[in-house]
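Here is a walk through one protein model, written for someone meeting it for the first time. Have a look at the fold, then read on.

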Amino acid sequence: MNFNDLKIFTHLAESKNFSKSARQNHMSPSTFSRHIQRLEEELGQKLFLRDNRRVTLTKCGENFLDFAYQTLNQWKIFQQTLQSNPRELTGELKIFCSVTASYSHLPHVLGKFRSLYPNVEIQLTTGDPSAAVHLVQNHTVDIALAGQPTILPNNIIFHYIDSISLSLIAPRITCLATQLLQKNPVDWQKMPFILPLEGPVRQRMEQWFRQKNIKHPTIYATVAGHEGIASMVSLGCGLAILPDVVIKNSPMNTQISIMEVSPPIQPFDLGVCVQKKSLELPLVRAFWEILR
Ligand SMILES: CC(=O)[C@](C)(O)C(=O)O
């Protein structure tokens, strides 16, 4: 067994998909599967339960996953202690944020780190910011930019970077939503809305429904991520609440209008999340120290 076997194993444990993990590790599915089999033979225990499409971890597999994460972390820490000059830090740092945050907040946060540690390889993944904390928790990434969740998991720390204001937005083209808005009073129960799947923006929408006494809102669609919501609003699918930074950076923003809301929608905090334990890793610690 070597470190590469552990990496392959953790990859499969996270993806739960043989062909995906084989592809991302540049192996044929049969070679990949042989690696896992050999590992299971060496341990004398099954690590995964397989069915046609997915795999799940056995109890032994779950324990071995903890062992694998700890061992790989220790190995990273050890490798980095061998580097005499911290300015020469190398290795990879996996970062996750939304497409919008990659324009609006990441350059500022990452700029200083890049100039101090140019040899560190940054692996950036963009996506739905409401998945960010979960991706840090399950070790898919080291660092994520995320809205502060109402309840921060115990093993995560959050460093505030900005307050994110939000607006209620409507389409500009003639559509059901704009027609309903022209009536007095507005029939809010009939108004179509577009919601994010989860996260602080969804909570703000639910809060706003309660304030307006909209008991059974008409949900036109739920969308993962915020950028797609701006497009759907501009196409006339309905109304939505979005962070102003998403509206500002959307290529569709000329086809969206911002509506007056009273009382104003409560902003949320955007920050950097890491696992407390990851602060032992020199790369993560270096990143964290720059933030402070
Ligand atoms: C939560 C977050 O990352 C942003 C910048 O507000 C967003 O993309 O909505």
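## A first look around

Phe-158 is buried, with a relative accessible area of 16% (buried means under 20%, exposed over 50%, partly exposed in between, using a 1.4 Å probe and protein chains only). Before going further, a word on the numbers: this is a predicted model, where local features need pLDDT of at least 70 and side-chain atom pairs count only at pLDDT 80 or more, while totals for chains, interfaces and linings use all residues. Residues are numbered from 1 along each chain as its sequence is written, and side-chain values use heavy atoms, with hydrogens and water left out.

Back to Phe-158, which sits in strand S6 (residues 156-164). Helices (H or I, at least four residues) and strands (E, at least two) are DSSP runs, numbered from the N terminus. Leaving aside neighbours within four places in sequence, Phe-158 is in contact (heavy atoms within 4.5 Å) with a list of residues including Ala-146, Leu-152, Gly-271 and Trp-288. Lys-112 lies 46 residues from Phe-158 along the chain, and their C-alpha atoms are separated by 19 Å.

How many residues of strand S12 (residues 268-275) are buried? The count is 7 of its 8, so the strand is mostly covered. S6 pairs with S12 in the antiparallel sense over 8 bridges, where two strands pair if DSSP finds at least two bridges between them. In that pairing, Ser-163 stands opposite Asp-269 in S12. Strand S5 (residues 143-147) also pairs with S12 in the antiparallel sense, over 5 bridges, and here Ala-146 faces Gly-271.

## The three-stranded sheet

Elsewhere there is an open sheet of 3 strands in the order S10-S7-S11, with antiparallel pairing. Strand S10 (240-243) and strand S11 (256-259) are at the edges with a single partner strand each, so one side of each has no neighbour in the sheet. From one strand to the next, the twist averages 50°. S7 (residues 166-171) and S10 run antiparallel and are joined by 4 bridges, with Ser-167 opposite Leu-242 in S10.

Helix H9 (residues 200-211) packs on this sheet, touching S7 and S10, and its direction makes about 140° with that of S10. Axes here are lines fitted to C-alpha atoms, for helices over the stretch in contact, and angles run from 0 to 180 degrees between N-to-C directions. Helix H10 (residues 227-234) lies across S7, S10 and S11, running at about 135° to S10.

## Two helices crossing

Now for a helix pair: H1 (residues 3-15) packs with H4 (residues 59-81) at an angle of about 130°, their axes 10 Å apart. That makes H1 oblique to H4; angles under 35 degrees count as roughly parallel, over 145 as roughly antiparallel, 65 to 115 as roughly perpendicular and the rest as oblique. Among the residues making the contact are Phe-3, Leu-6 and Phe-9 of H1, along with Phe-64, Leu-72 and Trp-75 of H4.

## Two buried side chains

Is His-105 buried or exposed? His-105 is buried, at 11% relative accessible area, and is found in the loop between helix H5 (99-104) and helix H6 (106-116). The side chain of His-105 makes a polar contact with the side chain of Asp-162 at 2.7 Å. (A polar contact is a pair of N or O atoms within 3.5 Å; within protein, one must be able to donate a hydrogen and the other to accept it, and residues adjacent in sequence count only if both atoms are side-chain atoms.) Not counting residues up to four places away in sequence, His-105 also touches others, among them Leu-145, Val-245 and Leu-270.

Glu-40, in helix H3 (residues 29-43), is buried with a relative accessible area of 4%. Leaving out residues up to four places away in sequence, Glu-40 touches Gln-45, Lys-46, Leu-47, Phe-48 and Arg-50.

Most residues other than glycine have a negative phi, and most peptide bonds are trans. Here are some exceptions.

| Item | Feature | Value |
|---|---|---|
| Asn-184 to Pro-185 | cis peptide bond | omega near 0° |
| Ser-262 to Pro-263 | cis peptide bond | omega about -5° |
| His-26 | positive phi | near 55° |
| Asn-213 | positive phi | about 60° |

Pro-185 is in the loop between helix H8 (176-182) and strand S8 (192-196), and Pro-263 is in the loop between S11 and S12. His-26 lies between helix H2 (18-24) and H3, in a loop, and counts as exposed at 74% relative accessibility. Asn-213 is partly exposed, at 47%.
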